[in-house]
Amino acid sequence: GVLMKHVSHSGLKDKWADTVQWFSVQLPGKDNPDVAQFDEPNMTIVQMRRHCKKLRIGAHKENLFVIRMRDIEAHDLLIERLHVIKREGVPNYFGEQRFGLQRRNLIQAEACLLNGRRCKREQRSLYLSAVRSYVFNVLVSHRIEQDTIAHYVPGDVLQLSGSRSCFQADEWNEELQQRLKSGDVSLTAALIGLGGVQAQADSLAFEEAVCAPHTAWLDYVKRIKMKAQRRQMIVRLDDLQWRSVVDDIELAFTLPAGSFATAVLRELITVADPKSHQML
């Protein structure tokens, strides 16, 4: 019985999953609703408590995933790969779902943002996010090709683990190398925009060269004065666990908010026929 604007969440979960998440419902001065009256198919209220603030998008720190992989053909090879990614992490790619079916969000982005076709504000935000995510993925892919995704390049921007605080090293030294190895700091790539902490020296030259084919998008985000951001290029999975369940393998791991479980899966498996599989 409340307005939709008084119901909020900090992020939407996968459509094809069993999920647990918090919602906040603004009920100032009112009694707690009777949970016994809640009768919705496929939904259960696990717990409920009062809080002085409503949830905001991105307010959560992390997400826990439990994923069952079925019909694995190379069981031993997969286990070997799991050990590698637990030790080294995975590229922090934005997942394919960010770009829509057959990358339609990118196609629509060009039509709406660059060519002036009218679209709703929410759509513009979605398309802009897809574009920035795509350019980030391209930057990460090129760092992998150059074998520098895990190695400092002069002028790189570093991010403190567990925060969005970014900085540049006055000089690269053994202490910073150890902090990078331990995961206390991470190397980052750009989410294009205006201002913010920018790469310098060799790292800046690299990002400018990679982004050169996307000048139209660079000009657009600067024109609308969207602030540039940085995103870590590798996401660590220190708590990664797995177990065999008959012929399947079940994974459990935690990712920081904004990182994609599909980015982990792409480092582990190739789906032979995507149309015949549905993630549950």
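Guide: We can begin with T254, which is found in strand β11, residues 248-256, where a strand is a DSSP run of E of at least two residues, and a helix a run of H or I of at least four, both numbered from the N terminus. This is a predicted model, in which local features need pLDDT of at least 70 and side-chain atom pairs count only at pLDDT 80 or more, while totals for chains, interfaces and linings use all residues. Residues are numbered from 1 along each chain as its sequence is written, and side-chain values use heavy atoms, with hydrogens and water left out.

Visitor: Why is T254 called buried?

Guide: The relative accessibility of T254 is 17%, and buried means under 20% relative accessible area, with exposed over 50% and partly exposed in between, for a 1.4 Å probe and protein chains only; T254 therefore counts as buried.

Visitor: What makes the pair T254 and D239 a polar contact?

Guide: The side chains of T254 and D239 are joined at 2.6 Å, and a polar contact is a pair of N or O atoms within 3.5 Å, where within protein one must be able to donate a hydrogen and the other to accept it, and residues adjacent in sequence count only if both atoms are side-chain atoms.

Visitor: How do you know that β3 and β11 pair?

Guide: Two strands pair if DSSP finds at least two bridges between them, and 8 bridges join β3 to β11, which run antiparallel. One example is R68, whose bridge partner in β11 is E250.

Visitor: What makes β3 and β10 edge strands?

Guide: The open sheet of 3 strands has the order β3-β11-β10, with antiparallel pairing. Both β3 (62-69) and β10 (241-245) have a single partner strand, so one side of each is left without a neighbour in the sheet.

Visitor: Why is Q232 called buried as well?

Guide: Q232, whose place is in strand β8, residues 229-232, has a relative accessibility of 17%, and Q232 therefore counts as buried by the cut-off already given. A polar atom of the Q232 side chain also lies 3.1 Å from the backbone oxygen of I234.

Visitor: Which residues does Q232 touch?

Guide: Leaving aside residues up to four places away in sequence, Q232 touches N92, F136, Q159, S186, L187 and T188, where contact means heavy atoms within 4.5 Å. With that exclusion, T254 touches E62, N63, L64, R236 and D239.
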